[in-house]
Amino acid sequence: MSQRPPGAAPPDVGPEELHEIALALAAACRDDSLPERLRGLISRAHAALESTSSDARGAQLRYRALFDAVPDPVSILDESGIVLDLNRAGMAAYQRPREQIVGQPIEVLNPDLPKDHMKPVLETLHRGGTYVIEVANMRADGTRFPVEVHSAGFMHEGRRCVVAVARDLTARREAELRYGQLLEVIDKGVMVQDRRGMLLQVNAAAIRILGVEEAESLRTFLNAETWTLLDDSGRRIGMDDLPSQRTLATGQATESTVIGLYHKPERRLRWLSVTTVPLFAPGGRMPEQVISLFSDVTRLKRDSALFSRAQALARIGGWEWEMGRDALYLTDEAIRILGQPVPPRTMQDLLLCLGAGDRLRFSDALRAAAEQSQPIDLELQGRRSDGLPLWIRIIGEAETDESANVSITGTLQDINERKQAEETLRVQARTDPLTGLLNRDAILGEIGERLQDPAQARLAVLYIDLDRFKMVNDGLGHAAGDRLLRHAARRIADAVATDGLIARFGGDEFLVMCHPEGDDALPERVAQRILDAFEPAFGHGGEEFHVTASIGIAHAPADGERPQTLIQNADAAMYESKRRTRNGWQVYSPILQESREDRLRLETQLRRAVDNGEFHLVYQPQVDMRRGTIVAAEALIRWRNRQLGEMRPDHFIGHAETTGDIVRIGRWVLSEACKQVAAWREDGLGIVRVAVNVSYRQFLGDDLAATVRDVLDEFSLPGSALELEFTERALIEDSADAIHAFAELREMGILLAIDDFGEGYSALNYLRRLPIQGLKLSQLFLEGVPRNHSDVAVCQAIAGIARSLGLGLVAEGVESEAQRQFLLELGVNVGQGFLFAPGLTPAEFERRMSEAREATATG
């Protein structure tokens with residue numbers, strides 16, 4: 001089929017035929033044999049044809065002149081991509097005559113186009129838009145050149161056509177290449193940012209000037225939180241005061257402006273001279289980008305007053321030591337940091353500010369710097385003249401000038417605050433946050449160190465448990481329980497005085513370690529003093545109540561040469577005291593061996609339970625309490641042992657925590673629960689989210705995140721199929737490994753929740769810092785709901801905490817309709833408990849889920 005451009009004659013009448021028709025009409029006008037009326041009509045038709053032909057020829061000439069005047073290649077296509085016309089610039093660009101292109105598919109110019117390349121073009125044109133694309137067009141000799149093609153649509157004789165203008169990008173690409181080469185060879189730092197401040201381009205000089213390490217991400221390095229910004233007078237400024245931000249805001253270039261950049265992690269101050277230039281989009285009034293050109297002027301400002309001001313802000317001083325004449329130069333800030341009445345003028349003066357050990361370390365470092373060019377980087381301790389402690393970080397390097405004179409220059413930074421913070425963190429890591437006593441790990445470490453030292457190995461451990469604490473805690477609430485623990489800790493501390501170390505071992509249990517040192521009766525006297533200290537009543541809300549203590553005593557090395565053994569024996573003696581009378585003390589003796597053996601037997605059987613296949617899981621539904629539908633399940637472990645019989649979790653989980661077997665048991669529970677979810681999925685039940693309890697020891701003794709990932713991969717489950725429930729003990733561990741594990745688990749899509757929230761002693765700041773998504777409201781607080789006002793208040797408080805932090809809340813131990821109604825009014829929609837179902841076998845759980853699904857489908 002022949003193609004024609006817009007403005008040409010109709011396809012079924014050629015120019016020659018049109019001329020013959022005109023001649024025939026002219027002859028007919030002169031034929032006297034025709035009626036005069038007919039000749040008049042033919043005459044008018046002839047005139048009209050002549051006029052139309054003239055207009056068509058004029059339009060064709062104007063179209064061709066305009067078409068060929070466009071300097072860029074222009075093609076006209078039909079909807080199928082066939083070329084209808086091509087201008088003179090196109091023939092020159094593609095090095096082909098017009099007849100080799102017109103009537104051919106557009107692929108003759110761009111063979112790389114996909115088969116359906118016209119589809120997105122037509123879709124864009126149909127929406128009234130202009131389609132723009134960068135492609136490589138081909139010349140007659142096969143060479144390619146880059147073009148930017150703009151396509152627009154128009155209608156011609158009832159059909160849709162496309163006009164495509166191709167702009168040759170060869171010159172632009174070459175300019176971009178030259179621009180990039182220029183950026184890399186220029187010695188000034190160059191950064192290009194968009195209107196939002198996002199970094200678009202940076203050259204090698206900028207990376208070198210800023211001091212970015214090769215393996216470090218530039219965006220990470222430039223994080224605003226790691227920098228302190230200073231103006232040319234040394235005052236702090238904000239990000240909006242940077243020259244680049246001012247240029248983006250005003251559209252005005254800035255001349256050379258000096259700014260200071262203090263990098264906190266690196267503890268280094270740089271001074272830069274910055275010039276900025278705005279870049280505008282065509283027709284734009286505000287800049288779209290900004291170019292910053294900068295150079296390092298730090299050395300020029302070392303001795304200026306401006307540098308001294310900046311040093312004071314960053315608590316960094318400068319120093320220089322000329323070894324040949326022992327001359328020490330200190331900036332004002334360095335002198336202030338050292339805090340000496342007479343500023344040190346020689347290196348010996350500076351050494352006298354330090355402690356004896358650090359004095360020797362610094363002297364050795366100076367010698368190594370001078371003789372071996374080794375850099376100095378030390379944290380040193382001393383004392384100021386006013387008696388305050390002095391902690392400084394000294395950095396320095398040796399420099400040799402043309403006269404061979406050796407100088408060592410560097411910085412001197414005040415790190416007192418950081419050292420004090422480190423000491424505070426060290427103390428906090430060993431301290432129970434509720435009582436201020438040593439915590440469990442700290443006392444275990446102290447006992448272990450002394451047992452390893454023969455001079456201190458003769459010691460005694462007192463294991464203290466508060467009688468009736470649970471009744472007070474349950475009846476009056478956790479606030480009263482916490483207050484009781486603080487008062488009890490104070491009474492124990494007063495009773496022990498300087499005769500021992502005291503720790504809160506967990507819950508309402510305390511530990512005292514003392515050294516008899518020739519006084520064999522000292523542990524028993526300390527125990528009696530503690531009992532006497534509990535005789536006065538405790539007060540709460542205008543009322544009084546009595547709490548007593550049961551104490552067990554174990555002596556080392558007779559009752560144990562390892563901390564755990566010694567504590568276990570003291571624990572056994574405490575239980576014996578509690579069994580007998582309470583409010584008394586009991587010394588461990590061989591008579592208690594049988595009880596200890598029972599516990600050892602339990603631990604032995606427990607250690608083998610996984611291998612013997614003695615554990616099984618039941619699944620308690622978590623229910624939408626408004627609709628009654630099952631939304632998830634909690635996996636609950638059960639133990640059936642041939643010697644010990646059916647064991648409840650509260651009888652063996654504590655032992656597993658103590659021995660560390662909980663790590664292996666927890667791994668089995670996780671695997672078994674995921675295996676069951678996979679089986680339900682294969683049975684057509686879909687993915688059921690299952691909640692699994694995780695011990696804090698699984699953080700300490702296992703790579704929990706890796707274990708969970710392996711189990712999910714083994715059964716091809718998504719992270720959303722799993723919810724992990726942690727006790728508040730997992731929160732207070734707060735180690736870097738635990739925080740990292742929480743983050744990894746959250747990234748897998750796993751739901752993280754705190755079990756029995758409020759029963760422990762965690763602080764709310766842990767919930768803010770860790771990626772927790774849900775809380776479990778303990779059955780302990782639901783027992784008195786809705787009659788007991790204290791329980792109601794606790795539930796309301798926990799629900800408020802969950803709402804304010806955006807956390808989900810699930811209620812445990814829902815056993816009555818009144819409790820369900822109370823929880824719904826409180827805004828707690830999900831619960832579990834005997835009101836809905838006990839722990840179910842996998843088959844029973846599957847049956848209930850299937851029945852619920854069928855009921856939903858038929859309803």
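At 15% relative accessibility, Asn439 counts as buried, where buried means under 20% relative accessible area, exposed over 50% and partly exposed in between, with a 1.4 Å probe and protein chains only. The model is predicted: local features need pLDDT of at least 70 and side-chain atom pairs count only at pLDDT 80 or more, while totals for chains, interfaces and linings use all residues. Residues are numbered from 1 along each chain as its sequence is written, and side-chain values use heavy atoms, with hydrogens and water left out.

Asn439 sits in the loop between helix H13 (416-429) and helix H14 (440-452). Helices (H or I, at least four residues) and strands (E, at least two) are DSSP runs, numbered from the N terminus. A polar atom of the Asn439 side chain lies 2.9 Å from the backbone nitrogen of Ala442. Leaving out residues up to four places away in sequence, Asn439 touches Ala429, Arg430, Thr431, Asp432, Ala503 and Arg504; contact means heavy atoms within 4.5 Å.

The axes of H14 and helix H18 (residues 563-580) come within 9 Å and cross at roughly 115 degrees. Axes are lines fitted to C-alpha atoms, for helices over the stretch in contact, and angles run from 0 to 180 degrees between N-to-C directions. H14 is therefore roughly perpendicular to H18, a term for angles of 65 to 115 degrees. On H14 the contact is made by Leu444, Ile447, Gly448 and Leu451, and on H18 by Pro563, Gln564, Leu566 and Ile567.

H18 also packs on a sheet, touching E18, E19, E20, E23 and E24, and its direction makes about 140 degrees with that of E23. This open sheet of 5 strands has the order E19-E20-E18-E23-E24, with mixed pairing. Two strands pair if DSSP finds at least two bridges between them. Strand E19 (501-506) and strand E24 (584-587) stand at the edges with a single partner strand each, so one side of each has no neighbour in the sheet. The twist averages 20 degrees from one strand to the next.

Another open sheet has 5 strands in the order E2-E1-E5-E4-E3, with antiparallel pairing. Its edge strands are strand E2 (83-86) and strand E3 (131-138).

| Strands | Sense | Bridges | A bridge pair |
|---|---|---|---|
| E18 (residues 460-466), E23 (residues 549-555) | antiparallel | 7 bridges | Leu466 and Ala549 |
| E1 (residues 74-78), E5 (residues 159-168) | antiparallel | 5 bridges | Val74 and Val165 |

Definitions and conventions: Polar contact = N/O pair within 3.5 Å; in protein donor to acceptor, adjacent residues only side chain to side chain. Parallel < 35°, antiparallel > 145°, perpendicular 65-115°, else oblique.
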